[in-house]
Amino acid sequence: TESTLYKAWLQYSAPESSELRNLYKGMLERVVVEGGVSRIPPAAVRELSAGADTMLGVTPEFMDQIPANGEGPYLWICLRSDESYCGAGRHRWETGRDAYSLKYVLSAREERLELTAASKAGVIYGIFHLLRGVSLGLKPAQWAIEERPVNQLRMINQWDNADGSIERGYSGRSIFYKDGVIVQDLDRVRDYARLLASVGINAISINNVNVHEVETGFITEEGLPEVARVAGVFRDYGIALFLSINFAAPMAVGGLDTADPLDEGVREWWKETSERVYRHIPDFGGFVVKADSEHRPGPFAYGRDHADGANMLADSLEPYGGLVVWRCFVYNCMQDWRDRSTDRARAAYDHFKPLDGKFKDNVLLQIKNGPMDFQVREPVSPLFGAMSATNQVIEFQIAQEYTGQQRHLCYLVPQWKQVLDFDTHAAEEGKGQVNRIVSGSLFGMKYSGAAAVSNIGDDECWTGHPLAQANLYGYGRLIWNPGLTSEGIAREWAQLTFGSDREVSDKVTDMLMASWTIYESYTAPLGVGWMVVPHYHYGPDVDGYEYSRWGTYHFADRDGIGVDRTTATGTGYAGQYFSPNREMFESLEDCPDELLLFFHHVPYGHVLHSGKTVIQHIYDTHFSGAESADGLRESWASLQSRVDAARHKAAADRFAEQSEHAKHWRDVINTYFYRKSGVPDEHGRTIYS
Ligand code: GCU
């Protein structure tokens with residue numbers, strides 16, 4: 001049997017109240033599927049049967065007919081359309097397809113729970129919702145649920161390599177690959193598909209955006225049968241498979257001497273390639289592309305632009321309904337630190353804004369949430385809202401590359417939620433929020449949604465830190481419905497994962513909710529970022545990136561710190577925002593404290609809105625942050641008797657490391673700034689001069 005670590009949030013513990021247990025027992029014993037059980041996906045039948053068994057010890061009996069009067073409660077499933085639940089058809093990405101409702105009906109004649117779904121995918125989502133609701137102890141009257149996802153594409157990006165390693169993976173090795181090939185036994189991949197479908201994910205790219213040699217061959221006649229096996233596993237759960245492709249594939253595996261997107265031979269090669277891919281995988285999602293970014297090949301080598309590159313691929317995929325997800329993480333990674341005029345933060349906007357309207361309508365631009373690279377704090381990318389005629393997908397990073405690498409607790413849903421709620425002012429008051437751009441509603445885009453870098457590997461608990469499961473869960477829940485609260489999602493996850501003990505779910509919820517702020521406070525002050533060990537990105541190295549080629553500088557000297565990105569005296573980045581955001585970031589008075597050093601270079605004595613000086617803020621947050629990190633350790637320790645030993649120990653080890661490591665962060669940062677500034681701590685605490 002599977003361990004509690006492995007089962008993640010699909011523990012299916014029974015509701016606390018025996019009354020509810022009895023009610024649902026009766027209800028799940030009999031399942032009437034209108035038109036017969038063969039109409040609903042086998043995965044839905046499997047999930048319902050397994051869930052009902054684990055939770056309530058009942059084996060549902062599936063029938064086509066409503067039981068005669070007086071036979072007690074039952075579950076009734078009605079499917080509105082027989083449309084295949086993957087399939088590259090016209091409606092593939094319509095949110096209406098994924099819709100379902102769950103209603104409790106009690107009349108003189110009968111008592112039943114009704115699941116009505118618009119498509120097979122909707123049945124799967126509905127079944128997972130039903131099981132979740134029962135486990136959480138929903139009362140009959142609470143089943144008045146109408147669901148329809150807000151976002152079309154709800155995607156996961158694996159950064160897995162064929163050799164079994166994972167780029168920025170902090171949870172062991174890949175579950176997809178070993179020694180250069182796709183694993184034979186796909187059971188674990190199936191369990192991953194279950195986890196993803198249970199939170200509404202409907203798309204996955206299964207290889208690293210940096211496409212190496214073996215993976216370049218995934219789109220060949222030799223590679224595709226293996227990829228198709230994986231596609232089959234995800235298809236069962238309504239998840240479309242995508243591949244990251246190598247822009248230079250026509251040369252690497254096609255035997256051509258160019259990859260020029262305007263070359264006829266190259267265009268023809270991609271057409272044949274897409275035809276081949278769809279022959280093996282008829283409901284293939286499309287290509288994810290990292291081009292002209294961090295030394296990856298792209299159209300620039302041929303004097304072409306990104307629209308030329310993306311449109312060539314889009315042409316080849318169009319006959320099959322396939323999509324091109326083209327990443328905007330394009331910047332000069334060979335910058336000279338002495339050059340003060342180039343600003344990496346500007347890069348995505350400078351490259352892509354001029355191309356607005358030039359992309360085919362099956363191209364989506366994938367834009368990282370911030371202008372740099374998944375730092376603990378960044379402003380929202382100014383590209384959101386700036387392109388009103390281009391499909392867009394927001395990219396988050398569930399993997400905690402810069403946020404403690406799943407050794408530190410950092411619940412990221414509040415960060416993502418803040419990004420989605422940000423008003424870009426691309427439209428009149430109150431209508432320009434990022435989430436309206438991402439959902440496509442603001443500009444009426446054909447395709448849109450969200451993608452995120454996965455945080456899973458072959459660790460028993462999937463995510464390194466057992467509590468990092470909350471980020472995977474939360475990503476799916478939040479992009480299904482950005483109206484949910486971070487706290488609500490945290491609580492739901494904690495209850496599903498640890499059961500109905502209130503003491504546990506309350507404490508875990510509080511810990512999750514505090515964790516991002518805690519991590520930020522002992523690491524990166526006031527939006528500065530990048531004070532991490534180069535390449536590894538774990539642990540402090542204040543000047544690690546200061547004289548590098550990556551465009552990531554803080555400019556600390558004896559007088560002050562921060563990057564001047566104003567239009568008046570700096571790089572002009574602030575000018576990429578719409579008014580009044582532009583003016584807010586431009587102004588030293590109005591710029592929010594948490595982003596001050598992202599936009600301004602200020603003296604250490606500069607007084608923040610909080611009333612503290614910058615230097616005192618650095619000291620205070622580092623002392624309190626390290627203390628709070630130790631508080632997380634203590635909170636978790638207090639739950640020892642209430643959480644099973646395996647899970648308790650796995651997390652306790654991480655909290656111990658975090659607590660120690662936070663002190664290291666505190667002392668390195670405080671000492672660095674004390675040495676630079678010579679300003680002592682007002683409270684005379686220990687700083688290692
Ligand atoms: C970050 C990360 C890289 C990754 C890149 C990307 O820079 O450190 O490993 O390849 O993002 O998003 O493409």
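1. Between which strand and which helix does the loop with Pro580 lie? Pro580 sits between strand E17 (560-561) and helix H17 (581-586). Here helices (H or I, at least four residues) and strands (E, at least two) are DSSP runs, numbered from the N terminus. The peptide bond joining Ser579 and Pro580 is cis, with omega about 0°.

2. Some ground rules. This is a predicted model, in which local features need pLDDT of at least 70 and side-chain atom pairs count only at pLDDT 80 or more, while totals for chains, interfaces and linings use all residues. Residues are numbered from 1 along each chain as its sequence is written, and side-chain values use heavy atoms, with hydrogens and water left out.

3. Overall build. The protein has 20 helices and 18 strands. Its radius of gyration is 26 Å, close to the 26 Å from the globule rule for 689 residues, so the protein is as compact as a globular protein of that length. That radius is taken over C-alpha atoms, and the rule is 2.2 Å times the number of residues to the power 0.38. The C-alpha trace spans about 85 × 65 × 55 Å along its principal axes.

4. Burial and surface. Of the 689 residues, 63% are buried. Buried means under 20% relative accessible area, exposed over 50%, and partly exposed in between (1.4 Å probe, protein chains only). The accessible surface comes to about 24500 Å², and carbon and sulfur atoms hold 49% of it. Areas come from the Shrake-Rupley method with a 1.4 Å probe; for residues, only the protein chains shown count as cover.

5. Contacts by sequence range. Take contacts (heavy atoms within 4.5 Å) between residues at least 6 apart in sequence. Of these, 73% join residues at least 24 apart.

6. Charges. The protein carries 67 positive and 93 negative charges, and their mean positions are 2 Å apart. Lys and Arg count as positive, Asp and Glu as negative; His and the chain ends are not counted. Each charge is placed at NZ of Lys, CZ of Arg, CG of Asp or CD of Glu.

7. Strand E5 (residues 111-117) deserves a look. Buried residues make up 7 of its 7. Glu111, Leu113, Leu115 and Ala117 point one way, and Arg112, Glu114 and Thr116 point the other.

8. Partners of E5. Strands pair if DSSP finds at least two bridges between them. Strand E3 (residues 74-79) runs parallel to E5, with 6 bridges. In that pair, Leu75 stands opposite Leu113. Strand E4 (residues 100-106) runs antiparallel to E5, with 7 bridges. Leu106 stands opposite Glu111. E4 and E5 form a hairpin, with 4 residues between them.

9. Arg407. This residue lies in the loop between strand E15 (391-397) and helix H12 (413-421). Its relative accessibility is 34%, so Arg407 counts as partly exposed. Beyond neighbours within four places in sequence, Arg407 is in contact with His465, Tyr538, Arg654, Glu657 and Gln658. Arg407 and Asp593 are 186 residues apart in sequence and 27 Å apart in space, C-alpha to C-alpha.

10. Two backbone points to check. Asp179 is not a glycine, yet has a positive phi of about 50°. Asp179 lies in the loop between strands E8 (177-178) and E9 (181-182), and is exposed at 64% relative accessible area. Glu294, also not a glycine, has a positive phi of about 45°. Glu294 is in the loop between strand E12 (286-289) and helix H10 (306-317), and is partly exposed at 21%.
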